[in-house]
Amino acid sequence: MPRTTHPRAITSGLVAGQTAEAVDVLNAITPLDKAIEDLRTGWLEFGQLRFDPTAGTLTITAGAITITNSYHTITTAALQVLATINGANQGDIIYLVRSGGADIIVGDYLLAAGQGVWIIKEAVGFRVLASNGSLLRHAFRATRINSVQAIAASTNTKVQFNGVDYQQITPAGANVYDPTTNYRYTPGRQGVYDFDIMITYSSAMDAGGLVALALAKNGSVIALSHAFGTGVADLTCMLSHQDRATATTDYYEVFTYHFNAGSRNIYASATQCYFTGVLVGELN
């Protein structure tokens with residue numbers, strides 16, 4: 001769409017009570033009339049509002065792109081999470097369209113080929129205004145698989161959930177749950193999370209013996225549930241809790257302990273031993 005600009009009407013030299021010449025009146029009215037018509041048809045360019053629909057293809061590298069126009073197609077050779085936009089000022093509104101290649105995540109949206117996102121540049125980072133991509137949900141489900149885990153007597157022991165059914169990735173592009181080393185969930189995003197935990201002891205637990213299940217945040221217990229042995233196997237402990245992550249580095253782990261005479265095992269079962277979490281919202 002063409003853009004037009006209009007000079008100011010020249011009325012200098014006229015004084016109160018002086019009759020303007022016809023040419024002066026014409027010079028004053030003609031630009032104004034043209035500007036009103038262009039405004040009506042949407043051709044008028046305002047000094048502080050401009051959208052330049054000149055597409056240019058950008059490749060996301062290490063989660064960043066550099067903007068040169070208002071509209072771009074974006075591509076990447078591998079899954080990327082767009083986290084940094086350079087070459088834009090606070091308040092700029094930008095439209096990005098995925099042109100192909102691997103999936104791209106912008107904010108909470110996963111873009112397939114041809115899908116786009118409207119964003120506004122903020123003082124730090126950016127905010128998504130609208131998108132026709134797939135809305136992502138921050139969530140995960142980890143389980144205990146392949147082999148039982150022995151829990152020593154009277155010892156606070158981390159439950160090693162070593163399988164993952166599903167999980168989102170962090171804004172930096174990394175997996176949020178570690179099933180091999182630390183067995184912890186690091187959401188990577190602030191917000192309120194809902195956790196559900198279940199473990200089942202496969203060994204017979206001493207009748208009346210205390211068994212505990214705990215959720216820890218950054219190494220400190222924030223929720224605790226108790227059960228008591230019945231003298232038979234299949235003792236189940238469950239725990240539900242909500243917590244607010246206030247930093248992108250916050251992490252969550254599960255611990256258990258018991259006061260039996262010796263070591264006891266928990267099942268390797270995705271249906272009897274699991275650790276799940278989901279983002280339910282944010283607080284102001």
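**Salt bridges and strand pairing**

Lys 217 and Asp 250 are both buried (buried meaning under 20% relative accessible area, exposed over 50% and partly exposed in between, with a 1.4 Å probe and protein chains only). The model is predicted, so that local features need pLDDT of at least 70 and side-chain atom pairs count only at pLDDT 80 or more, while totals for chains, interfaces and linings use all residues. Residues are numbered from 1 along each chain as its sequence is written, and side-chain values use heavy atoms, with hydrogens and water left out.

The side chains of Lys 217 and Asp 250 form a salt bridge with an N to O distance of 3.9 Å. Lys 217 belongs to strand β17 (residues 210–217) and Asp 250 to the loop between β19 (235–245) and β20, so the pair ties together parts that are 33 residues apart in sequence. A salt bridge is here a side-chain nitrogen of Lys or Arg within 4 Å of a carboxyl oxygen of Asp or Glu; strands (E, at least two residues) are DSSP runs numbered from the N terminus. The structure contains 10 salt bridges.

A second salt bridge joins Lys 158 to Glu 253, with the closest N and O atoms 2.6 Å apart. This pair links distant parts of the chain, Lys 158 being in strand β14 (residues 157–158) and Glu 253 in strand β20 (residues 252–258), 95 residues apart. Glu 253 is counted as buried because its relative accessibility is 4%.

Strands β14, β20, β17 and β18 form, in that order, an open sheet of 4 strands with antiparallel pairing. The edges are taken by β14 and β18 (220–228), each with a single partner strand, so one side of each has no neighbour in the sheet. Two strands are taken to pair if DSSP finds at least two bridges between them; between β17 and β18 there are 8 bridges, in the antiparallel sense. Lys 217 has Ser 220 as its bridge partner in β18.

Strand β1 (residues 57–59) pairs with β3 in the parallel sense over 3 bridges, and the partner of Thr 57 in β3 is Thr 73. Strand β6 (residues 93–101) also runs parallel to β3, joined by 6 bridges, with Tyr 95 in β6 as the bridge partner of Tyr 71.

Arg 98 forms a salt bridge with Asp 103, the closest N and O atoms lying 3.0 Å apart. Arg 98 is buried at 7% relative accessibility, whereas Asp 103 is partly exposed at 34%. Salt bridges also link Asp 108, Arg 189 and Glu 282 in a network.
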